[in-house]
Amino acid sequence: MEGMPRGSSTARSNVCGGKLICKRRRPKSQFLNLPEDIQCKVLSELPLKEATRTSILSSEWGSVQSVHPRLRFDGATMCGRRTATGSKEYTQEFVQNVNTVLQKHNGMFVEDFEVKFEFERELVVHLDNWIRFVTDSQTKNLAFDLVPDEFRGRHDRYALPAELLGCRSMSRLRSIQLSFVSIKLPPCFNGFPNLRKLDLHLVHVTAKDLQDMLSSCSNLEWLSIVRCHLEDELKVDHPLSCLLHLHIAYCEITKIQFNAVKLKTFVYRGEWLHIDLSQSSELKDVHLYLDDFITLELALTTFPTALPTVQNLTLKAAAPLKMPGLLENPRKFSQLTYLHLDLMIIHEDAGNILSLASYLRAAPLIEKLELHFGSFALPHYGQEPIRSLPGCRLNYLKNLNVMGFMGSTGQLEFLLHAVENAPALEVLTLDPACRRNVDHQGRTYFTEMVREIGIKHLGERVLPTTKLCVL
């Protein structure tokens, strides 16, 4: 037939109503013609769930799981939607599907191995086998996240096999994330000399075993310990010369002391305790989120000594202020340039906010101060006298930002002290607090009143070079 394409293997024709219709055939996949190492590389970039689906496209791709170097198993991926989450059938289906994938593994290297599933005693045998798989496959990154939805009150944990902790192949690991497990080091523990990242959450371990384990991590760069109750000191005298980031949260411990010269960032959440990072000569960023009270005296007599090189400090805590004036002879932050104070001050102490000027006195190089007041205080109506303190030059302060501004007498006293002693101040920002127990009209009225108080008392006192922003 004239006009019909010739020599084409990708087109076929039909005649409909006297018109020639050419339909394109779907081209044959050329993926299988690629070299095997290229196939493995392409498939390894897919998530396991997507890689598994490729077996539907061709029977020759059925073993794709065995070349996937990143094995991440969780209930949503490995179990069907029809199986009820948390049921016995759900657990059985998860175990069966994980084992199926691992059985197809042909002994090739696996870079990442991750399991995320709520711990049950029935899983112990399988978890032991999966740990053995990790040692045999020379895995670099291991994650066992076994935290149940309701973990409070549960004292059971998955116990890592002691004989496997002593296995030399475990020393290849570069990253370990363990949640809801218990660790007991064997006498023949070889350590983790190649470990870069360690994340422990709800782990049962003694202070001595944790100290010995950390002491074996000579190349550790990132450490997080959350809800691991040692009931003892967390003290590591062995030098962790590569440690850069340290995060400790909600652990029942009595002291924190590390020998980490290159530590850059420290984050702590929980009750106040003794912290000694005085050997961390490169520590720059510190974030302290305290669940209890910390007095002005305690903060300014301990932090400068424990954190001598800190440049950026965030402190969130309840702060009783029992004195209206400056703290006598506070220790100095020799390098502090940024300070963020998020303070809960009870109503009875609102008149002593001026004493927070002691923080400014303790930080002569401060450039930026952010204050967040999380309590209510009555606005200044003009009857109370506004007190002042002796001058304290803040030659480097350029930016002062106050959130939760209510125009109270104590807040005005502090701000006036700051602006009068900061010749280089460029921006003063006041963000009025929002009252939650009134309607929209009441909130609007309160905000406007606070704005007027701020402008009235501070507008004429700031230098012409300072920009006053009342939000």
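**View 1. Leu71 and Phe113, face to face across two strands.** Leu71 sits opposite Phe113 of strand β4 in this predicted model. The strands here are β3 (residues 70-74) and β4 (residues 112-116), which pair in the parallel sense through five bridges.

**View 2. Phe113 again, now looking to strand β5.** In β5, the residue standing opposite Phe113 is Leu142. Strand β5 covers residues 141-145, runs parallel to β4 and is joined to β4 by five bridges. Helix α5 (residues 124-136) belongs in this picture too: β4, α5 and β5 make up a right-handed β-α-β unit.

**View 3. Phe residues in the largest nonpolar core.** This core has 136 residues, and the members touching the most others are Phe113, Phe144, Phe258 and Phe266. Zooming in on Phe258, and skipping neighbours within four places in sequence, its contacts include Leu214, Leu223, Leu234, Val236 and Leu240. Leu243, Leu246, Ile248 and Leu277 are also among the contacts of Phe258, and so is Asp276.

**View 4. Tyr289 on strand β16.** Strand β16 spans residues 285-293 and holds Tyr289.

**View 5. The surroundings of Tyr289.** Tyr268 is 21 residues away from Tyr289 in sequence, yet their C-alpha atoms are 6.2 Å apart in space. With neighbours within four places in sequence left aside, Tyr289 is in contact with Val267, Tyr268, Arg269 and Gly270, along with Thr314 and Lys316.

Key
Residues are numbered from 1 along each chain as its sequence is written. This is a predicted model: local features need pLDDT of at least 70, side-chain atom pairs count only at pLDDT 80 or more; totals for chains, interfaces and linings use all residues. Side-chain values use heavy atoms; hydrogens and water are left out. A nonpolar core is a set of buried Ala, Val, Leu, Ile, Met, Phe, Trp, Tyr and Cys residues joined through side-chain atoms within 4.5 Å. Buried means under 20% relative accessible area, exposed over 50%, partly exposed in between (1.4 Å probe, protein chains only). Contact means heavy atoms within 4.5 Å. Two strands pair if DSSP finds at least two bridges between them. Helices (H or I, at least four residues) and strands (E, at least two) are DSSP runs, numbered from the N terminus. A crossover is right-handed if, with the strands pointing away from the viewer, the path from the first strand over the helix to the second runs clockwise.
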